[in-house]
Amino acid sequence: MTPHPMDQDDALEDFEPRRITLNDADKTVHVSGKGPAVIVMAEMPGISPHVARFARWVRDAGFTVYMPSLFGRDGAAATAEDGAEVFRRACVSAEFRAFAVGGASPVTQWLRALARLAHRECGGPGTGAIGMCFTGNFALSMMLEPAMLAPVLAQPSLPLDTPAGLESPPEELAAVRERLEREDLSVLAYRFQGDAFCQAQRFAAYAEALGDRFDARTLPDSAAAREVPPFFAKHVPTPHSVVTAHLVDEAGHPTLQARDEILAFFRQRLTQRG
């Protein structure tokens, strides 16, 4: 993979931008690769060069990446001010529930339909998904779609004002847990130890709701990259983005190991199941 500068806009020239209509709503989805489908959902403030880099890693591991545009300007290396404006708009959007405990974001219904479509187009045992930060819990809500087999939650940050709160309502969590146990599936989740937006209480709440099907991994703050994009430097005061902005692309580094664990999880669930 030819490296793209992380501090410059990414043209996403190696992705096909498709306009996909599902549930009477249409969104742009950037698609690239071959193999079973993996849906990569961006963190704030959108499909940044760091998010695109992660999507390319997934693609190059043998998957078809579906990267929906949910907020922000696709490929932008956003300024701190532009990123903050994207965040403000998303917080008041009807598609997201930024502050509601037990109120799944409406956009997850569209994303479940996308998982169903991606599985139909790509085949294989099923579909994987990773949500990050603002979208972190979406991969769990997508487990209500039977095609979804491999959910990854990277620093799930909603609801923003309740550290121990979960975005999923109790009945959704119960249905997901029942499916995880019935089909011998699991949920992979990551956070940094000192993350102010995804604190230990949230992972404890997930563990209580999902039992040992919730596979939580916590990285030390010392593993986070020191040099981060302007939006993170100004608005994200603690280590946060495990596989994007705070990842250190060096062999043997804990964040790169986390990336490799996620790729192995997708591979095991989407290419090796009977």
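This is a predicted model: local features need pLDDT of at least 70, side-chain atom pairs count only at pLDDT 80 or more; totals for chains, interfaces and linings use all residues.
Student: Which residues meet where α1 passes α8?

Tutor: From α1 come Phe54, Trp57 and Val58, and from α8 come Leu256, Arg259, Ile262 and Leu263. Six residues of this contact are nonpolar, none is polar and one is charged.

Student: What is used to describe two packed helices?

Tutor: The description gives the angle between the axes and the distance between them. For helix α5 (residues 170-182) and helix α6 (residues 200-210), the angle is about 65 degrees and the axes are 9 Å apart.

Student: Which residues of α5 and α6 meet?

Tutor: Leu173, Val176, Arg177 and Leu180 in α5 meet Glu208, Ala209 and Leu210 in α6. The contact of α5 with α6 has five nonpolar, no polar and two charged residues.

Student: How many aromatic pairs are there?

Tutor: With ring centres within 6.5 Å as the rule, the count comes to 10 aromatic pairs.

Student: Why is the pair of Phe203 and Phe214 called edge-to-face?

Tutor: Two values settle the matter. The ring centres of Phe203 and Phe214 are 5.3 Å apart, and the limit for a pair is 6.5 Å. Their planes stand at 90 degrees, so the pair is edge-to-face, given that planes over 60 degrees apart count as such.

Student: Where in the chain are Phe203 and Phe214?

Tutor: Phe203 is in helix α6 and Phe214 in strand β8 (residues 214-219), 11 residues apart, and the pair links distant parts of the chain.

Student: How do you know whether Phe203 and Phe214 are buried or exposed?

Tutor: Buried means under 20% relative accessible area. Phe203 has 6%, and is buried. Phe214 has 7%, and counts as buried too.

Student: What makes Phe231 and Phe232 an aromatic pair, and of which kind?

Tutor: Phe231 and Phe232 are 5.5 Å apart, centre to centre, with 90 degrees between the planes, which is edge-to-face. Phe231 and Phe232 are both buried. Elsewhere, Phe71, Phe87, Phe96, Phe134 and Phe138 form one aromatic cluster.

Student: Where is Ser157, and how do you know whether Ser157 is buried or exposed?

Tutor: Ser157 lies in the loop between β6 (148-154) and α5. The relative accessibility of Ser157 is 2%; with under 20% as the cut-off, Ser157 counts as buried. Leaving aside neighbours within four places in sequence, the contacts of Ser157 include Phe134, Arg202 and His240.

Student: Which other residues are found in the loop between β6 and α5?

Tutor: Among them are Pro159 and Gln155. The peptide bond from Leu158 to Pro159 is cis, with omega near 0 degrees. Gln155 is a residue other than glycine with a positive phi, near 40 degrees. At 0% relative accessibility, Gln155 counts as buried.

Student: What makes the peptide bond from Met44 to Pro45 cis?

Tutor: The omega of the bond from Met44 to Pro45 is near 0 degrees. Pro45 is in the loop between β3 (37-40) and α1.

Student: What is the phi of Leu12?

Tutor: Phi of Leu12 is near 55 degrees, a positive value in a residue other than glycine. Leu12 is in the segment before β1 (16-22), and at 5% relative accessibility Leu12 counts as buried.

Student: How do you know whether Ala129 is buried or exposed?

Tutor: Ala129, in strand β5 (residues 127-132), has 0% relative accessibility and counts as buried. Leaving aside neighbours within four places in sequence, Ala129 is in contact with residues including Val38, Met142, Val152 and Phe266.

Conventions
Residues are numbered from 1 along each chain as its sequence is written. Side-chain values use heavy atoms; hydrogens and water are left out. Contact means heavy atoms within 4.5 Å. Helices (H or I, at least four residues) and strands (E, at least two) are DSSP runs, numbered from the N terminus. Ala, Val, Leu, Ile, Met, Phe, Trp, Tyr, Cys and Pro count as nonpolar, Asp, Glu, Lys and Arg as charged, and the others, Gly among them, as polar. Axes are lines fitted to C-alpha atoms, for helices over the stretch in contact, and angles run from 0 to 180 degrees between N-to-C directions. Rings of Phe, Tyr and Trp (its six-membered ring) pair if their centres lie within 6.5 Å; planes under 30 degrees apart count as stacked, over 60 as edge-to-face and the rest as tilted. Buried means under 20% relative accessible area, exposed over 50%, partly exposed in between (1.4 Å probe, protein chains only).
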